[in-house]
Amino acid sequence: MDKRKSNKRKKSNVNTTRPVPTRRIAFFSLFLCAIILLLLGRIAWLQFIDGNRLKELASRQQTLNDVISPKRGTIYDANGKALAISAAVDTVSINPTKIKNENKETVARALADIFQLDYETTLSQVNSTSSVVTIAKKVEQDKVSLLKTWMSDNKKISSGINIDEDTKRYYPYDTLAAHIIGFTGTDSQGLYGIEAKWNSTLTGLAGKIVTTGDVNNSEISSDASQYVEVENGSDLYLTIDVNIQSIIEKYLAEGVSQAKASSGSVIAMNPNTGDILGMATYPSYNLNDPFSIPDMDTSTMSPTDKTNTLYSRWVDKNVSLTYEPGSTFKTIMTSIALEEDITEEEIPNDFFCTGSINVADRKIRCASHEVHGSQTLKKAVANSCNSAFIQLGQRIGIDTLYRYFDAFGFFDRSGIALTGEASSIFHDKSSVGPVELATLSFGQRFKITPLQLVTAISSIANGGKLMQPRIVKQVVTSNSDSKNVTNVDPVTVRTVISEETATKVRGIMEYVVSDGSGRKGAVQGYTIGGKTGTAEGTSITGSKYNISSVSFVAIAPANESEIVLLTVLYDPQTSSSYGSTLVAPIVSKMLSEILPYMGIVAGDAGTVASTDLVSVPSVTNKTLTEAMKLLQNSGLKISCANTSDANSVLVTEQVPPAGSSLYKNSVIALYTKENSVRTSVSVPDFTGSTLAQARNTASSLNLNLKFVGSGTVFSQDVGSGTSVEEGTIITVTLQ
């Protein structure tokens, strides 16, 4: 019986396992299905909805972009002398985490010695926890070579030192033309002057190499690699001449010192083209170190005072600051009166001066504090008589005056291709009363820029044509296989006065220098026209003499002017503060050196020096490079459309031929077997032009000019409208 019970118990043990309930299986199946659906939904989302974005992100992560920095363009003067260049330099940095602790002192000592740095500061940089630390920027190649040699000798401990290519901007002439050129910041972006105004042209466009990389940023060979060619910055050729610029800067500094003035400015302009031949402000600054003031003790200056001083040094007074022109403005008043037939040069008793004149409730003294008595217009200009010009202004009237002020460009910016050009400050016409009209008439109680005045007076020197000031004359863009030259042509804004009026005013200005207040502006052997200027007002530094500026403007030669020169000294502190005594002698010194340099012969002003005649050398069968060098050394210009390798292509023909006698700066057209297509131009009508005007017109068309006689062009040997090749010689007769 016990046995049966035992068996029965065992049998019941075997059958105790029960099947899994159907409900649990169903729940588990639904859970798996939900997971699968979610995964499928996520895959569908990633594939069809978010796929493009993820593909783009992956492409970005896998794409390696190596940027190729462009070289900044070079700035040249009118004769091809480099004023601003970019040289190869390097930036040295370190990755401190890659430098072993036991080597850090050695590395710091080496870097400090090579780059002349403070050792403790360098050691702290080497011990930094940063991933990258810059040690030295824009390092010259000699120091980079020393570092490379040290790294080669110490390969085991030099890991973590990086040398990256960079460029540095250099200015070969330091302070010369500083206010024109300007400078760049640490990021090579232009900050002032040409560097800022033409920054995009000079900068160029960066290139890049696009490749595919792996997770470690190592390049993967791929047919999808792309190369975007770098476009280096364009070169600029300015209108300024280094030699003329050097002359005006030298004598401007002398003038400021002698007058004990706070500052000074000067502009030399070619009136026939509007070209700025030279322009300077003093004191200046060093373009290679623009943030220092070496002639001043800055140790006691506050940061604000130092910053303000730097800004004042960088500002070009000729373009960015306004001043009261004083009596130099009487040339404009004279032009208006003659153009409107209100008076003539020599009408007896036309004006009367008692030493002062009553206007409304004011008594206004004559500029020279003298009693001039009866005067003609010519004599009144020579005496710089305020009383006469007040009477003249009353005759002209404010409506006519403002119409001509607008025509002369005083109400507009000149449009020069520089930054920061200021606007003039005039009374609103409706608010001009008798006193305001009086002061306007002799150049006070309104403000213009020196650039506006020299541009207006240049129109008098140019037969009445107002030219836009030009500072850049050519933009040259080069790439791997070609060179593109873009000329910035002279721009005639408008005709302001007739040539007859302009001739009369030039004659009066010549009389001012020969017999009037501008005698000290004379230059022996040359006919100089000029006008003095003295502006009373609140001085900049509180001088007891109460003179805000003294100035002198000259045109030379007086009849066929090639240059207009305006010099202004601000806040002079001498007892004899007049343009006639302080500035005219300085301008005379400038012109005594500039005129011979320009090839204008003393005693025969307006013609070309015989030393400027050259015999055209033979350049056929020479390489284009040899030919261009030979012609340039002879003082000649070249016109050639060659796009081939100039070192191998040969010159097959030149126009004019070898042996021709030409003036310097004449054009020689060169042709090669690869580029033999002739360029034809239409001969203009030179008759009635001055020699200077005819030469400029011919030069703009790549034609060469010879002349016989003096005066204005009477005839020409090739008729106007005739089609001729570039380089053709046109002979004109003057009388």
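These legends describe close-up views of a predicted model.

**View 1. Cysteines without a disulfide.** The number of disulfides in the model is zero. Cys366 takes part in none, and its nearest cysteine sulfur, on Cys385, sits 3.6 Å away. Cys366 is buried, because its relative accessibility is 1%. Cys640 has a relative accessible area of 30% and is therefore partly exposed.

**View 2. The salt bridge between Arg169 and Glu195.** The structure holds 17 salt bridges. In one of them, the side chains of Arg169 and Glu195 meet with an N to O distance of 2.9 Å. Arg169 belongs to strand β5 (residues 161–170), and Glu195 belongs to helix α8 (residues 193–197).

**View 3. The salt bridge between Arg445 and Glu324.** Here the closest N and O atoms of Arg445 and Glu324 are 3.4 Å apart. This pair links distant parts of the chain, 121 residues apart. Arg445 is in the loop between α17 (434–441) and α18 (450–461). Glu324 is in the loop between α12 (317–320) and α13 (330–339). Glu324 is buried, at 14% relative accessibility.

**View 4. The salt bridge between Glu536 and Arg365.** Glu536 and Arg365 form a salt bridge with closest N and O atoms 3.9 Å apart. Glu536 lies in strand β22 (residues 529–536), and Arg365 lies in strand β16 (residues 362–365). The residues are 171 apart, and the pair links distant parts of the chain. Glu536 is partly exposed, with a relative accessibility of 33%. Arg365 is also partly exposed, at 47%.

**View 5. A five-stranded open sheet.** Five strands make up this open sheet, in the order β13-β12-β24-β23-β22. Their pairing is antiparallel. Which strands form the edges? The edges are β13 (275–282) and β22, each of which pairs on one side only. On average, neighbouring strands are turned by 10° against each other, direction ignored. In general, the strands of a sheet pair through backbone hydrogen bonds.

**View 6. Strands β22 and β23 at close range.** β22 runs antiparallel to β23 (residues 547–556), and eight bridges join the two strands. Ala535 stands opposite Ser549 in β23. Helix α19 (residues 499–515) packs on the sheet here and touches both β22 and β23. The direction of α19 makes about 75° with that of β22.

**View 7. Helix α20 across the sheet.** α20 spans residues 579–597. This helix lies across four strands: β12 (263–270), β22, β23 and β24 (563–570). Its run is at about 35° to β23.

View 8. How do β2 and β11 run, parallel or antiparallel? Strand β2 (residues 75–76) runs parallel to strand β11 (residues 235–238), and two bridges join them. Ile75 has Leu236 in β11 as its bridge partner. β11 is also joined to strand β19 (residues 472–478), here by four bridges and with an antiparallel run. Leu238 has Val472 in β19 as its bridge partner.

**View 9. Helix α18, a covered helix.** α18 has twelve residues. From first C-alpha to last, α18 reaches 16 Å, close to the 16 Å expected at 1.5 Å a residue. How many of its residues are buried? Twelve of the twelve are, and the helix is mostly covered. Among the buried residues are Pro450, Leu451, Gln452, Val454, Ile457, Ser459 and Ala461. Just after α18, Gly463 takes a positive phi of about 70°.

Note on methods
Residues are numbered from 1 along each chain as its sequence is written. This is a predicted model: local features need pLDDT of at least 70, side-chain atom pairs count only at pLDDT 80 or more; totals for chains, interfaces and linings use all residues. Side-chain values use heavy atoms; hydrogens and water are left out. A disulfide is a pair of cysteine sulfur atoms within 2.5 Å. Buried means under 20% relative accessible area, exposed over 50%, partly exposed in between (1.4 Å probe, protein chains only). A salt bridge is a side-chain nitrogen of Lys or Arg within 4 Å of a carboxyl oxygen of Asp or Glu. Two strands pair if DSSP finds at least two bridges between them. Axes are lines fitted to C-alpha atoms, for helices over the stretch in contact, and angles run from 0 to 180 degrees between N-to-C directions. Contact means heavy atoms within 4.5 Å. The expected span of a helix is 1.5 Å times one less than its number of residues.
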